[in-house]
Amino acid sequence: MEKILCIAHTQPDGNLPSVALEALGAAVRLVQQLDGATLSVGLIGQNVKPAAESVATCGATRFLSVAGAEFEVSRYASDAAAVEAIARSAEATIVIAPATLRFSRSLPGVVQRLKGRIETHVTGMDAADGKLSIQRWYYRQRMMATLTRMQRPWFLLLDGGVFPAWQGEPGTTTLENLAVELGENLLRTKVIGIQAPSTNARTIRPNADVLFVAGAGWTKKQADGELHLNEAGERILGFLANCNSSLGSSKSLVDQSVEGVPVLPFMSHLNQVGQTGSTPRHPKGLATCCHGEEPHAVGWRFINERRAINTDASCGWAQGKADVLYVADAFQVMAKVNELLAG
Amino acid sequence: MDGGYHIVVCGSIVPDPLQTLAPVEGPTGPSLKNEMMLPAVLDPWAGHALYEAAHLAKNMPGSKVWLVSLGPKQKLQQLMMSIAQKVSFELVVLDGPAGGFTDPCEVASVLAGGIETIQGLDRSRLLLFGGCASASRDAGVTMQMVGEQLGITDQFLGVDELVVQPDGTLKILERSEGGQYQVSVCAAAPALLAWATGNLPEPPNNPQIGMANMRTVMPALQKALPAKVGAEGVSFLSVELPKQRRETRIVRDMPPDEIAREIVDWIKG
Ligand SMILES: Cc1cc2nc3c(=O)[nH]c(=O)nc-3n(C[C@H](O)[C@H](O)[C@H](O)COP(=O)(O)OP(=O)(O)OC[C@H]3O[C@@H](n4cnc5c(N)ncnc54)[C@H](O)[C@@H]3O)c2cc1C
């Protein structure tokens, strides 16, 4: 019989991030599907009581915590120690966690300590026939596998935006606080803080409805034989401001730099989508001046509705990757789009 | 740091992303169609780690770089034709599969074992580098497991910048949620850094570096020991290419103003 543990850490305001509620939603459903399975919840943070109360009615039989100032920060050594203590106390056979930086960084080491196994980027779970199987992509969203495994504990890091979030009433609960000592050797790393990349203000907005993707075409010579970098910047930033969209980029565009300075200064590698970039989730995506080659298009796997603007009718987007391809000049179209959105 | 760092980079091959990839079912589980024939490249994020390692070693006299690669040795040999011309390193080869369907836990234990055999490696000066995820398995867990096996409890994932500060501490920028960086300072080596893109361009080929590297690359390939990795305990129920191919509506000859209106309606709809 599986002992399922859902772990989460608080965010700086003391609440649980939405991806944690998604992981909890998935864990609760799994408990319902697996005969005799039990659920524990493990929480890590400065003070996790409010977070525990917010999920008190989820059906967990135990609420475990590791709390204190040193557990508020995102650091491998302290996070690994906390997760290890919780997983051992819960005698977990399946551990479900959201794919935050903290857990992506620290869970693999815990798996090593517990001699378990781990699957990351989990995008589906099923236990309809009484046995858990999961789905994940291989080769960077090129192919999808469904698999199951024998080893326990089995850690699962769930991708955000896939599983419906747990919803329920807050309540009261008894927290079992586990004491975890951090020796000096586990405090060699000090977290200084969060910093926006030097190149940009916030252009990456994971919760935006629209992903706007710019390609290298914006920085190429145009029909008049000239470069139009200022106009390109205006069109792109104008759209971001008008539409509150998130900004993505092709690899070619962010790789372009003159002595280390990006050609479009608000762009950095963090904006890159694709094989060696990110794979964001948004309801809609608009690609402009990018060719739609396969290593780029894998970054669009989780964009539901896709449209593209390219002067070249035979570009990669035309090969069944976008819903609509407008064969047109993106400078002209986006100027008008911005005008309409602003008006 | 006096005497520099001992930087071990874990990195291997992946199929060139421009290739068409298709899964096939074999006796030991899934693999790629014509896997051994596919042109291969250095796994991109591991490549960034290697370039960052070489850059750091150049700036810290007394440092040394090792590249530890688990992969089929004839494919690694091909890869060395290009990579060995770019930066200086000593190669350690573990001759085994490099495909995406192997288990990261098994891969990590082979890599850790390989690192433990490196003669003259000073673990107190060790910076363990690798990619934050491979372009094959894309699990993002292997490096942390290697680090854990080597007893390294200062670990960083998705690193874009490492600065060795005047007092010898390591300032590290990791990719965090929402396009931001987490800034941390680690007291000293040993530490594990699993790199994202970093800040360096791919170095140009330098035949002199290539000649120097080849003196150690060829013996390393020759003495490579076979490494057994698979995915014990895993049953793949299916591996499929996404079926969805979109019916792309290609709009030609529509005036820009009209396209703009259609796009705005779509965005607002
Ligand atoms: C190992 C590896 C990893 C890779 N990883 C990634 C990745 O993660 N992400 C990624 O994006 N790529 C990746 N690539 C690169 C990818 O294969 C392409 O080379 C790249 O995406 C092309 O970028 P682009 O479309 O912006 O530029 P280009 O190929 O230069 O295309 C520019 C396009 O702009 C169009 N254009 C020009 N002017 C206009 C205009 N006024 N209006 C409309 N259209 C215009 C042109 O018709 C052209 O199609 C990778 C490649 C390799 C080898």
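Residues are numbered from 1 along each chain as its sequence is written, and chains are lettered from A and ligands numbered from 1 in the order in which they are written. In this predicted model, local features need pLDDT of at least 70, side-chain atom pairs count only at pLDDT 80 or more, and totals for chains, interfaces and linings use all residues, while side-chain values use heavy atoms, with hydrogens and water left out.

The size of an interface is often given as the accessible area lost when the parts come together. Buried area is taken here as the accessible area (1.4 Å probe) that two parts lose on being put together, summed over both. On this basis, chain A and chain B bury about 7,700 Å² between them, with carbon and sulfur atoms giving 58%. Tyr139(A), Met143(A) and Arg188(A) supply 10% of the area that chain A buries against chain B, more than any other three residues.

Chain A is divided into domain 1 (3-186) and domain 2 (210-342), with bounds that come from an automatic or database domain assignment. The C-alpha centres of these two domains of chain A lie 36 Å apart. Ten residues from domain 1 of chain A and ten residues from domain 2 of chain A take part in the contact. The area buried between the two domains is about 790 Å², 44% of it on carbon and sulfur atoms. On the domain 1 side of chain A, Arg140(A), Gln141(A) and Arg142(A) lose the most area to domain 2, together 69% of what that side buries.

A pair of aromatic rings is described by the distance of the centres and the angle of the planes. Rings of Phe, Tyr and Trp (its six-membered ring) are paired if their centres lie within 6.5 Å; planes under 30 degrees apart count as stacked, over 60 as edge-to-face and the rest as tilted. Over all chains, nine aromatic pairs are found. One of these is the tilted pair of Tyr138(A) and Phe101(B), at 4.7 Å centre to centre and with 35° between the planes. Tyr138(A) lies in strand S6 (residues 133-138) of chain A and Phe101(B) in the loop between strand S7 (90-95) and helix H3 (104-116) of chain B, so the pair joins two chains. Helices (H or I, at least four residues) and strands (E, at least two) are DSSP runs, numbered from the N terminus. Tyr138(A) is buried at a relative accessible area of 4%, and Phe101(B) is buried at 8%; buried means under 20% relative accessible area, exposed over 50% and partly exposed in between (1.4 Å probe, protein chains only).

A further pair, Trp300(A) and Trp317(A), is edge-to-face, with 4.9 Å centre to centre and 70° between the planes. Trp300(A) is in the loop between helix H7 (294-297) and strand S16 (303-310) of chain A, and Trp317(A), 17 residues apart from it, is in the loop between S16 and strand S17 (324-327). Trp300(A) is buried at 0% relative accessibility, as is Trp317(A) at 1%. Tyr138(A) and Phe101(B) also belong to one aromatic cluster with Tyr139(A) and Phe236(B).

A charge sits over a ring if NZ of Lys or CZ of Arg is within 6 Å of the ring centre and within 35 degrees of the ring normal. Arg281(A) lies over the face of Phe302(A), 3.8 Å from the ring centre.

With a disulfide defined as a pair of cysteine sulfur atoms within 2.5 Å, the count over all chains is zero. For Cys58(A), the nearest cysteine sulfur is that of Cys6(A), 7.8 Å away. Cys58(A) is buried, at 7% relative accessible area. The sulfur of Cys10(B) is 14 Å from the closest cysteine sulfur, in Cys132(B), too far for a bond.

Most residues other than glycine have a negative phi, and most peptide bonds are trans. The peptide bond from Arg152(A) to Pro153(A) is cis, with omega near -5°, and Pro153(A) is in the loop between strand S7 (143-149) and strand S8 (154-158) of chain A. Asp253(B), not a glycine, has a positive phi of about 60° and is exposed at 75% relative accessibility.

Note on methods. Contact means heavy atoms within 4.5 Å.
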